[in-house]
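Please look over the model shown below. Keep it in view while you read.

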Amino acid sequence: MTLTQAAGIPAGEPDVAVSPARQLARRVLADRAATAGVTVIALLVLMALGAPLITALTGQSPTEFHPEAIDPALGGLPKGPWGGISAEHPLGVEPATGRDVLARVVWGARLSLLISLLATVLSTTIGTVLGLVAGFLGGWADMVIGRVMDLLMSFPSLIFMIALMSVAPDGDRELMLVAVLGLFGWPYIGRIVRGQAMALAGREFVEAARVLGATRRTILFREVLPNLTGPIMVVATLSIPGYIATEAGLSFLGVGVRPPTPSWGQMIASAVPWYAADPVYFLVPGLFLLVTVLAFNLVGDAFGDVR
């Protein structure tokens, strides 16, 4: 119970009977597209978590070459139709190397989801804290944090990401990706939180908390922050597909995840020279990337409709 609730003063909107979590659940269940998105995301998460089990059951490794599965006489194209799809390789094999596509897709999903989720947590945490401080305190804090936001948002972020990742050491590139994505991503959620915090700073429940002797930290994180969970969840949900696509784009350009670590963007990049002769290898990671981004966008749109 918050201080204002203890004093008998409602802290949020007049309708407090339905919690934000229930509103979100009802909105998703009432929207077929959002329900489909949640289902796809759940399946992708299960696939990513079960990547070691899936590859163990199929007996394939994402980094193991299979020269017997490709035809040297055809320049390294997979043997058999549809990119070498067979009982041993349900999604075919990679041209020139014969690596199993299914194994690389599931491990690539694990990597993409992990990087995007960690980057979302990082950017959301930084953006929420700094946005709250800037919007609620105002003055010099708002001026300094606001100028930093403007500076980062004025950068051509993709170019700077490419530059930073190009000079980054090969070790722990996944952590570097998380740091770079979070660094350039937090101002967007920070600006939204700042605006909402400024609107709530003069509300009655905030003034009541001050009268009751609450500290600024208590007011920020126990009175103001709970009223911002909706916008924060919407922005965070919509950030995940953006980070997935950005990671894939950086890996496609060769500055993200380095071989032999599997990545969807890396697979698409390596499939470009083969798209005419082996379109299956090009389509499989592309479709997984498309479906994943679409699913998160559908869920994010449903969250945004909750009032």
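This report goes from the whole chain to single residues.

## Basis and confidence

This is a predicted model, in which local features need pLDDT of at least 70, side-chain atom pairs count only at pLDDT 80 or more, and totals for chains, interfaces and linings use all residues. Residues are numbered from 1 along each chain as its sequence is written, and side-chain values use heavy atoms, with hydrogens and water left out.

The term pLDDT stands for the predictor's confidence in each residue, from 0 to 100. For the protein chain the mean pLDDT is 85. A value of 70 or more is reached by 91% of its residues. Among the elements, helix α5 (residues 101-137) has the highest mean pLDDT, at 92. Helix α1 (residues 3-6) has the lowest, at 46.

The start of the chain calls for care. Over residues 1-17, pLDDT stays under 50. The model has 24 contacts for these residues beyond four places in sequence. Contact means heavy atoms within 4.5 Å. Where pLDDT is low, the predicted coordinates should not be read in detail.

## The whole chain

How many helices and strands does the protein chain have? There are 13 helices and two strands. These are DSSP runs, numbered from the N terminus: helices are H or I with at least four residues, and strands are E with at least two.

The C-alpha trace spans about 80 × 45 × 30 Å along its principal axes. Of the 307 residues, 44% are buried. Buried means under 20% relative accessible area, exposed means over 50%, and partly exposed lies in between (1.4 Å probe, protein chains only).

Residues 24 or more positions apart account for 74% of them.

The chain exposes about 15,300 Å². Carbon and sulfur atoms supply 69% of that area. Accessible areas come from the Shrake-Rupley method with a 1.4 Å probe; for residues, only the protein chains shown count as cover.

The chain has 19 positive and 21 negative charges, and their mean positions are 9 Å apart. Lys and Arg count as positive, Asp and Glu as negative; His and the chain ends are not counted. Each charge is placed at NZ of Lys, CZ of Arg, CG of Asp or CD of Glu.

## Annotated regions

An unreviewed UniProt entry gives the annotation "transmembrane region" to residues 33-54, 113-139, 151-169, 175-193, 224-244 and 280-299. The unreviewed entry also places the feature "domain: ABC transmembrane type-1" at residues 109-300. UniProt positions are in the numbering used here, feature names are shortened, and annotations may be inferred rather than shown by experiment.

| Span | Helix | Strand | Distance between end C-alpha atoms |
|---|---|---|---|
| Residues 151-169 | 79% helix | 0% strand | 26 Å |
| Residues 224-244 | 81% helix | 0% strand | 30 Å |
| Residues 109-300 | 81% helix | 0% strand | 20 Å |

Thr120 is found in helix α5. Is Thr120 buried or exposed? Thr120 counts as buried because its relative accessible area is 6%. Leaving out residues up to four places away in sequence, Thr120 touches Ala236, Ser239, Ile240 and Tyr243.

Val178 sits in helix α8 (residues 173-200). Its relative accessible area is 10%, so Val178 is buried. Beyond its neighbours within four places in sequence, Val178 contacts Ile115, Leu118, Ala119 and Leu122. Val178 and Ala119 are 59 residues apart in sequence, yet their C-alpha atoms are 4.7 Å apart.

## Loops and backbone angles

Gly80 lies in the loop between β2 (77-78) and α5. Gly80 is exposed because its relative accessibility is 54%.

Trp82 is found in the loop between β2 and α5. Its phi is positive, near 55 degrees. Trp82 has a relative accessible area of 65%, so it is exposed.

Ala96 is also in the loop between β2 and α5. Its phi is positive too, at about 75 degrees. Ala96 is partly exposed because its relative accessible area is 45%.

Which residues does a cis peptide bond join? The bond joins Pro259 and Pro260, with omega about 5 degrees. Pro260 lies in the loop between α11 (229-252) and α12 (264-271). Most residues other than glycine have a negative phi, and most peptide bonds are trans.
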